[in-house]
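Thanks for coming. Please have a look at it first.

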Amino acid sequence: MLAAWYERQGPASEVLQVGEMAAPEPGPGEVRVRVNLSGVNPGDTKKRGDWVGYGMPYPRIVPHSDGSGVLDAVGDGVDSTRVGRRVWVYGAQSYRPFGTAAQLTVVPAEQAVDLPDGVSDELSACLGIPGITAHRAVFADGPVTGKTVLVQGVLGAVGSLAAQLARWGGATVIGTVTRERDLELVNPAVAHAVARDQPDPVDAIHANAPEGVDRIIEVAFSDNADLDAAVAANDAVIAAYATRHDRPEIPFWPMLFANLTIRLLGSDDFPAAAKHQAAANLTTAAREGALSIPIGDPVPLEQIAKAHDRVDAGARQRVLVKIPH
């Protein structure tokens, strides 16, 4: 079986290898997937680069948690009629050494989600980490029907899906971009766009939400804490999945007087039930045509280092690796 892996951490071109290795076999409660497309996320490249200094959790790691393909085999206790079905995969390399950058990968059965006809392999390979994070950010504190949701960084992988899921869930959505010139990139059918570099973004947000926003999806908590406090409605929730500085300062008293809740989101450690619900809702939203993701041309597996470099460089389009068969 052809696969990519690394046995030490460092720059992509120095540590990623492509070659033959033994095919994995599904154990009890597991399925094996013949991978067509492997999704590359910032979390994957950060693990490869040892971003937080945790070191190698396993001697060899086949990277990437997300992907799409065809269910190839099942272990004991799994319905054998699933073999041959198209699926999308999430969490393949979450607390496991074997991800989707290989011709075959094995995951717990519930982490290979049946893919409806009409939903492409390309879109489904992008749903895992960003989609489940976005779903948790939007829905962890209940339905959003009739509420106003502010998505900071609406053009990002998580932010874009969060905005679409919130709109799909019945919310009014406001999305921020970094620069005024990026306003035209926001789909007006999904979100009202506000640029953070315009003279007064607070006024611009209040123009669309005079009573304040009920939920805030936050990509840069340390940078946006003051803005979040200024536009939040009473009892609002800030759901933060990233921050520029790891010890952010917050405007404590304005947040306290607004009775704000701050929810911090670590995608690998969401409750299992939350992941399952997210996977189900993402699949439904995709089937209904509610999700659109900008995707670049897939990179061949033998050029996987190039794919990692694209992600590390901040590619706006989602990066996929094409697995040969």
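Before the sheet, a definition: two strands pair if DSSP finds at least two bridges between them. Helices (H or I, at least four residues) and strands (E, at least two) are DSSP runs, numbered from the N terminus. This is a predicted model, in which local features need pLDDT of at least 70, side-chain atom pairs count only at pLDDT 80 or more, and totals for chains, interfaces and linings use all residues. Residues are numbered from 1 along each chain as its sequence is written, and side-chain values use heavy atoms, with hydrogens and water left out.

Now the sheet. L150 stands opposite I174 in β9. β8 and β9 run parallel and are joined by 5 bridges. They belong to an open sheet of 6 strands, with parallel pairing, in the order β10-β9-β8-β11-β12-β13. Which are the edge strands? They are β10 (192-195) and β13 (261-264), each pairing on one side only.

Next, the helices. For angles, axes are lines fitted to C-alpha atoms, for helices over the stretch in contact, and angles run from 0 to 180 degrees between N-to-C directions. Contact means heavy atoms within 4.5 Å. α5 lies across β8, β9 and β11 (213-218), and runs at about 170 degrees to β8. α5 also packs with α4, at an angle of about 50 degrees and with the axes 8 Å apart. That makes α4 oblique to α5; angles under 35 degrees count as roughly parallel, over 145 as roughly antiparallel, 65 to 115 as roughly perpendicular and the rest as oblique. Among the residues that meet here are P130 and F139 in α4, and L161 and L165 in α5.

Now the core. A nonpolar core is a set of buried Ala, Val, Leu, Ile, Met, Phe, Trp, Tyr and Cys residues joined through side-chain atoms within 4.5 Å. Buried means under 20% relative accessible area, exposed over 50%, partly exposed in between (1.4 Å probe, protein chains only). The largest nonpolar core has 45 residues, and W88, V151, I217 and L291 have the most contacts inside it. α5 gives the most to this core, with 6 residues. Leaving aside neighbours within four places in sequence, L291 is in contact with residues including L161 and L165.

Last, helix α7 (residues 221-231). How many of its 11 residues are buried? The count is 8, so to speak mostly covered.
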